[in-house]
Structures are given as C-alpha cells and as structure tokens.
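This report is written for a reader who is meeting a protein model for the first time. Please look over the sequence and the structure before reading on.

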Amino acid sequence: VDDQGEYVLPYAILQFTDSTREINTSLGSSNNPILIANAQDFVDAMGLSTSSYEGQYFNSYSIWGTYRLVGDVNLSDLSTSITLPSVSKSFSGRLYANGFTISNLSIASEGEGVAYGLFASLESRNGSTPLVSNLNLEIDQVIAGDITMVGGLAGYAKDSILVGIDISFSDDSQVNGLNFVGGLVGLSFGNSVIKNITVTNPNVIADRYDSNDYFTTESIRTI
C-alpha cells in the first residue's frame with residue numbers, strides 16, 4: 001500500500017525471465033490478499049465494495065477471494081443501516097485472521113432459510129477449499145429461529161478447514177436457531193478439518209432439533 005493506504009499493486013503477473021514460471025499477484029489472490037483493517041473494510045470485501053478489484057471475488061450469493069486481517073474488526077462501528085453482506089453468502093475463499101478479533105457480532109434473521117451466521121456457509125466453489133485460521137470471534141447475538149443451520153461463524157461447513165479459532169460469548173450472548181446450532185458452526189460435514197477450536201461460555205439454543213418437530217423445553221447448550 002502507498003502512504004494513503006491505497007493498493008499500488010491491484011493486478012500483476014510476475015514472470016521470471018529465466019523460465020516460464022509465473023506468480024499470480026493479483027489483488028485477492030493467495031499471493032496478494034485483500035487487507036481488512038476495520039469493520040468498513042470487512043463489509044466492503046464481503047460485498048459492498050464498488051472497486052472492480054475487490055468486486056471480482058463476490059457476487060450476491062458467494063465470496064471466494066483471499067483475505068488477511070491486519071487489525072481488529074469491531075462490527076459495532078458500522079452504521080445501523082448496514083446489513084452484513086456475508087450473512088447471506090457462502091464463503092469459499094481464505095481468511096487469514098492473524099490472531100485479530102471480529103467483535104460485537106450481533107445479527108438477526110427475520111425470515112426462513114437454510115443457513116445463517118457471520119457467513120451463511122463455508123463450502124467449496126470450483127474446487128477451492130474454504131479456510132479460516134487464527135480468528136477470535138466475539139459473539140453478541142446470532143438470532144435465527146426459523147433458520148435450519150445456525151452458527152457463530154457459519155450455519156454449516158462443508159469440505160472446509162477451520163484452524164485456531166476462539167469463539168467467546170458474554171453472559172448475555174446466544175446463538176439461536178431452528179435445528180442444527182453451534183457456537184462455531186451449526187453443522188459440519190464432508191471432508192472438513194476442524195482443530196484447535198475454543199468456545200468460551202457458550203449459550204446455544206435450538207428451538208427444534210429433529211425431523212419429528214420435537215420442540216425443546218429448555219436450551220440445548222453445545223459447542
């Protein structure tokens with residue numbers, strides 16, 4: 001980045017003069033992640049940016065770039081008029097959090113659906129493997145009583161890699177969903193790798209948890 005914090009290498013292919021080998025350094029590639037320093041950067045990268053460089057890695061239902069946190073993301077800094085674009089999208093890219101924190105996650109769904117969380121889901125796109133690593137996620141409220149799969153990070157993870165993630169709840173925090181609900185994800189399946197995960201003080205509530213429509217009489221607390 002330059003002195004104003006702007007990208008100076010938005011797109012480039014580096015080619016070695018002594019061979020045919022090339023390195024893709026285009027913005028959003030694995031060699032040149034999109035940098036996220038605050039909450040506005042996060043929502044821009046997840047779907048609000050008007051930049052053609054960032055915009056090539058998302059559409060209305062999916063996100064597939066490579067991203068790196070370079071600062072804490074306090075979602076309470078956002079205007080109340082801004083809806084997190086990631087909650088309705090699958091994530092198939094790579095998010096290297098570098099030990100930084102996404103805090104004050106407070107989201108609520110008003111309709112029915114399949115999956116809900118910071119990301120709706122984590123799943124492959126065109127053979128890619130979603131990766132989230134070294135992230136601290138502080139949950140305030142994730143409320144989606146009519147959504148089948150609900151998690152703090154994602155409603156579900158399929159064929160994903162989740163490593164070194166710390167999920168924390170305050171005394172008043174909760175993740176609330178219909179069937180499959182968890183602090184990290186509501187449901188994981190396929191060839192997912194999940195390791196070094198910590199969930200602190202979880203409060204996870206499933207209103208209905210099997211195909212027989214059996215409604216619970218108290219909270220189901222799970223990690």
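The text below moves from the whole chain to its strands, its aromatic rings and a few loop residues.

The model is a predicted one, in which local features need pLDDT of at least 70 and side-chain atom pairs count only at pLDDT 80 or more, while totals for chains, interfaces and linings use all residues. Residues are numbered from 1 along each chain as its sequence is written, and side-chain values use heavy atoms, with hydrogens and water left out.

**The chain as a whole**

The chain holds two helices and 19 strands, where helices (H or I, at least four residues) and strands (E, at least two) are DSSP runs numbered from the N terminus. Of the 223 residues in the chain, 44% are buried; here buried means under 20% relative accessible area, exposed means over 50%, and partly exposed lies in between, with a 1.4 Å probe and protein chains only. The chain exposes about 11,000 Å², and carbon and sulfur atoms supply 45% of that area, as computed by the Shrake-Rupley method with a 1.4 Å probe, where for residues only the protein chains shown count as cover. Among the contacts in the chain with a separation of 6 or more, 76% are between residues 24 or more positions apart, a contact being heavy atoms within 4.5 Å.

**An open parallel sheet**

Five strands, in the order S4-S7-S11-S14-S17, form an open sheet with parallel pairing. At its edges stand strand S4 (62-63) and strand S17 (185-189), each of which has a single partner strand, so one side of each is left without a neighbour in the sheet. Two strands are said to pair if DSSP finds at least two bridges between them. The table lists parallel pairs of strands with their bridges.

| Strand | Partner | Bridges |
|---|---|---|
| S7 (residues 90-91) | S11 (residues 119-122) | two bridges |
| S11 | S14 (residues 154-158) | three bridges |
| S10 (residues 113-116) | S13 | three bridges |
| S13 | S16 (residues 180-182) | three bridges |

Is strand S13 (residues 147-151) largely enclosed or left open by the rest of the structure? Four of its five residues are buried, so S13 is largely enclosed. Ile147 in S13 stands opposite Gly113, and Gly151 has Gly182 in S16 as its bridge partner.

**Aromatic rings**

A search of the whole structure finds four aromatic pairs; rings of Phe, Tyr and Trp (its six-membered ring) pair if their centres lie within 6.5 Å, and planes under 30 degrees apart count as stacked, over 60 as edge-to-face and the rest as tilted. One of the pairs is formed by Tyr67 and Phe91, which are tilted, with 6.1 Å from centre to centre and 45 degrees between the planes. This pair links distant parts of the chain, as Tyr67 lies in strand S5 (residues 66-69) and Phe91 in strand S7, 24 residues apart. Both Tyr67 and Phe91 are buried, and together with Phe42 and Phe119 they form one aromatic cluster.

Elsewhere, the charged end of Arg125 sits over the ring of Trp64, 3.7 Å from its centre. A charge sits over a ring if NZ of Lys or CZ of Arg is within 6 Å of the ring centre and within 35 degrees of the ring normal.

**Asparagines in loops**

Most residues other than glycine have a negative phi. Asn126, however, has a positive phi of about 55 degrees although it is not a glycine. Asn126 is placed in the loop between S11 and strand S12 (131-143), and it counts as exposed because its relative accessibility is 72%.

Asn201 also has a positive phi, near 55 degrees, and is found in the loop between S18 and S19; at 38% relative accessibility, Asn201 counts as partly exposed.

Asn203 is found in the loop between strand S18 (193-200) and strand S19 (204-206), and is buried, because its relative accessible area is 15%. The side chain of Asn203 reaches the backbone oxygen of Ser173 at 3.1 Å. A polar contact is a pair of N or O atoms within 3.5 Å; within protein, one must be able to donate a hydrogen and the other to accept it, and residues adjacent in sequence count only if both atoms are side-chain atoms.
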